[in-house]
Amino acid sequence: ILPIPTAKKRHIIGRGAVIKVASASSGFHAIMGSDNTADDFSDCVVDGVVFDHNSSGNTYITAGSVLAHPRFTICMLRGENIEVRNNVVKNAVCTNSIYLNGNTGSGSILILNATAEGNRFYNIGGSASTHDHSTFYIVSDGMRIINNYGQGASLGASGTAAFIETHGPRQMVINNEGRNFIGFANITGVYDAGVSENSLIGNNHGYVQEHGIRLFSQAYGTHLSGYGLVNIVVAGNHMRIRQSTLPSGSTHFYGGVFIQAGSTLSTKNIKFIDNTIEYDLEGSTPSHTAVSCAIGANETSGTEVYEGLLISGNTIINAPAMAIALGIGGGVFQDAYVGPNTIINPGQSLSASVASALKVGIWGSASSYTGSLIVERQTISDRNAVTRMTYGAFFLPGNSSTTIPCRMELDIILSGDKTAYSGPVQNVSNYLSIVAKVRQNKAFAAPGQTFKVGSE
């Protein structure tokens, strides 16, 4: 490590000065900073330094799915008001680049109110060894990640798993751009010191292979119950996902902005607002066999609570399977609200793994729905010459609640021959009182729909 003197308020002003890792270097922990939690970097600034990891001049050893040596660019484990600004990091094969990890393992946090702004990352990853990576790895209370740019060595290259990963409350991830990473961001509720809450992920741009903005939470350390994520707003982001380039296998979650399956802590007041998610329009059968929603909750099992999930104002283009999901076989959804959204060409994948029932605008399959379920003012269109969408909305009858009011409004536009299209809605008969307003621009042979007394 090139140590920064640990006196508080130390400023490292590079003005373009280059720090380059020598060729044939042995593994190292970090270029700058400290791996000692006793070293306090409060009010320190690192500004305008060029860090060249010299990946072409070095070889890398992995231990399982991680590098044997992390090779952080900057490593700080304690401090308030740290600022990392206007730096350039290039040619980096590393576990993380900006590593600010205030976790203590005892329910307290040592990184507070840090800022990473205006940094540029070029030619990240690309080694022959497969390993985990996030360019930003943040465990903090209060973090501003603003106006940063990152570019992987190539689309889906090794060592480009995510551009940004955060753990903790009061995170602001705004106006960042990441290209060629496998995923853009992991916003997590995996946080020893409590709930990850009150965060904004807004106006970011991703050009990625697999996933855009992924949320998940797990019991960890001393935080073993209750909520993992609360009051998280994901708004105004644009994610372009190249799912047709994914390798073979079923473990690829090509979600746009979504909550990943397998969370072990509940979520509350998650808002997906005004995002644009666009996928490749598939012209041939893809190699992978993955199935994922574009926006929503990918929960496949379990009874974790998703309270107050809101999905509104989004545009979803060419979702391979369901555009919006309220569970894929699991989860308890309380007071879910969906709408209005614009959905174009849902369920367009040519993969046999995407069953016809999944080629829909809105999909619902949960352990239960409670409170209310509102799906309103959806504009759903299939613009393919040969229609690929099967339904506007599909809810599995075994998971539908018989005790809650439901409103559903769909405006369905078909441009093609409606070959695959079966109808606007399916399996809504279990709802106690459904207000349904469905319009479509082409006649079809509709399966019978039975609505309970009190429905409109």
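Trainee: In this predicted model, is Cys293 buried or exposed?
Mentor: The cut-off for buried is under 20% relative accessible area. Cys293 has a relative accessible area of 0%. So Cys293 is buried.

Trainee: What is the relative accessible area of Cys94?
Mentor: Cys94 falls under the 20% cut-off. So Cys94 counts as buried. Its relative accessible area is 1%.

Trainee: How many disulfides are there?
Mentor: The test is a pair of cysteine sulfur atoms within 2.5 Å. By this rule the count is 0 disulfides.

Trainee: Why is strand β8 largely enclosed by the rest of the structure?
Mentor: Strand β8 covers residues 72-76. The strand is largely enclosed because of how its residues score: 5 of the 5 are buried.

Trainee: Which residue in β12 stands opposite Cys75?
Mentor: Start with the pairing on either strand. β3 (residues 30-33) runs parallel to β8, with 3 bridges, and Gly33 has Cys75 as its bridge partner in β8. β8 also runs parallel to β12 (residues 96-101), again with 3 bridges. There, the residue opposite Cys75 is Tyr99.

Trainee: Which strand supplies the largest share of the lining of the largest pocket?
Mentor: The largest pocket has a volume of about 330 Å³. Among its 18 lining residues, those closest to the centre are Asp132, Ala161, Glu165, Asn186 and Arg214. β15, β18, β20 and β22 each supply at least two lining residues. The largest share, 4 residues, comes from β22.

Trainee: How many charged residues are in the lining of the second largest pocket?
Mentor: That pocket has a volume of about 150 Å³. Its lining includes Ser65, His131 and Asp132. By class, the lining has 3 nonpolar and 5 polar residues, and the charged count is 1.

How values were computed. Residues are numbered from 1 along each chain as its sequence is written. This is a predicted model: local features need pLDDT of at least 70, side-chain atom pairs count only at pLDDT 80 or more; totals for chains, interfaces and linings use all residues. Side-chain values use heavy atoms; hydrogens and water are left out. Buried means under 20% relative accessible area, exposed over 50%, partly exposed in between (1.4 Å probe, protein chains only). Two strands pair if DSSP finds at least two bridges between them. On a 1 Å grid over the protein atoms alone, a cavity is a set of points where a 1.4 Å probe fits but cannot get out, and a pocket is an open set with protein on both sides within 12 Å along at least five of seven lines; lining residues have an atom within 4 Å of a point. Grid points are joined across faces, edges and corners, and a volume is the space filled by probe spheres set on the points. Ala, Val, Leu, Ile, Met, Phe, Trp, Tyr, Cys and Pro count as nonpolar, Asp, Glu, Lys and Arg as charged, and the others, Gly among them, as polar.
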